Amino acid sequence: MDAAEQFAEAYVKQRDLRTERFLKAEMRLKKTPDFRVLKEGELVTYCEAKHVQQDTWPDDLLETAQPLEVVGGPRPDPIFNRLTAHIHTAHKQFIAVNPNHDLPNVLVFANSDKQCTYKGDLLAVL
């Protein structure tokens, strides 16, 4: 279980709800979110957790650079692209198990990227 899943599970448990993982057989057949969320044994929502991590692109380039080699350069905003990719992936996972939106879908972001902010980045993407 990664940091985002641990955060989401702890958050759900604080609200007297229980998480349940999908079976491996279910995950092999189709994409699934991380959890079913149950209240008193009844399915109430689906939950997917995504971890927003720091962009390592500049560090990776520097690590493999030769002495005095210039690396880097302009590129699209990686934060916007990463958040967008997380949202699109989660959407596919939710649609696979809840195509008619019979239950709410909850997407949890656990953020460890200090450059990525709620107001500046997540709201702009949404």
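Mentor: Let's start with Val108, which touches Phe7, Ala8, Cys47, Glu48, Ala49 and Lys50, leaving aside residues up to four places away in sequence; contact here means heavy atoms within 4.5 Å. Before going on, a word on the source: this is a predicted model, where local features need pLDDT of at least 70 and side-chain atom pairs count only at pLDDT 80 or more, while totals for chains, interfaces and linings use all residues. Residues are numbered from 1 along each chain as its sequence is written, and side-chain values use heavy atoms, with hydrogens and water left out.

Back to our residue. Val108 lies in strand S4; helices (H or I, at least four residues) and strands (E, at least two) are DSSP runs, numbered from the N terminus. Val108 has a relative accessible area of 13%, so it counts as buried (under 20%; exposed is over 50% and partly exposed is in between, with a 1.4 Å probe and protein chains only).

Val108 belongs to the largest nonpolar core, together with Ala4, Ala8, Val12, Phe35, Val37, Cys47, Ala49 and Ala110, nine residues in total. Such a core is a set of buried Ala, Val, Leu, Ile, Met, Phe, Trp, Tyr and Cys residues joined through side-chain atoms within 4.5 Å. The elements giving two or more residues to it are helix H1 (3–13) and strands S2 (35–39), S3 (42–52) and S4 (105–111). H1 supplies the largest share, three residues.

Val37 is another core member. Not counting residues up to four places away in sequence, Val37 touches Val12, Leu17, Arg18, Glu42, Leu43, Val44, Thr45 and Cys47.

Now zoom out. The protein has five helices and four strands, in the order α-β-α-β-β-α-α-β-α along the sequence. Its radius of gyration is 18 Å, well over the 14 Å that the globule rule gives for 126 residues, so the protein is more spread out than a compact globule; the radius is taken over C-alpha atoms, and the rule is 2.2 Å times the number of residues to the power 0.38. Along its principal axes, the C-alpha trace spans about 60 × 35 × 25 Å. Overall, 28% of the 126 residues count as buried.
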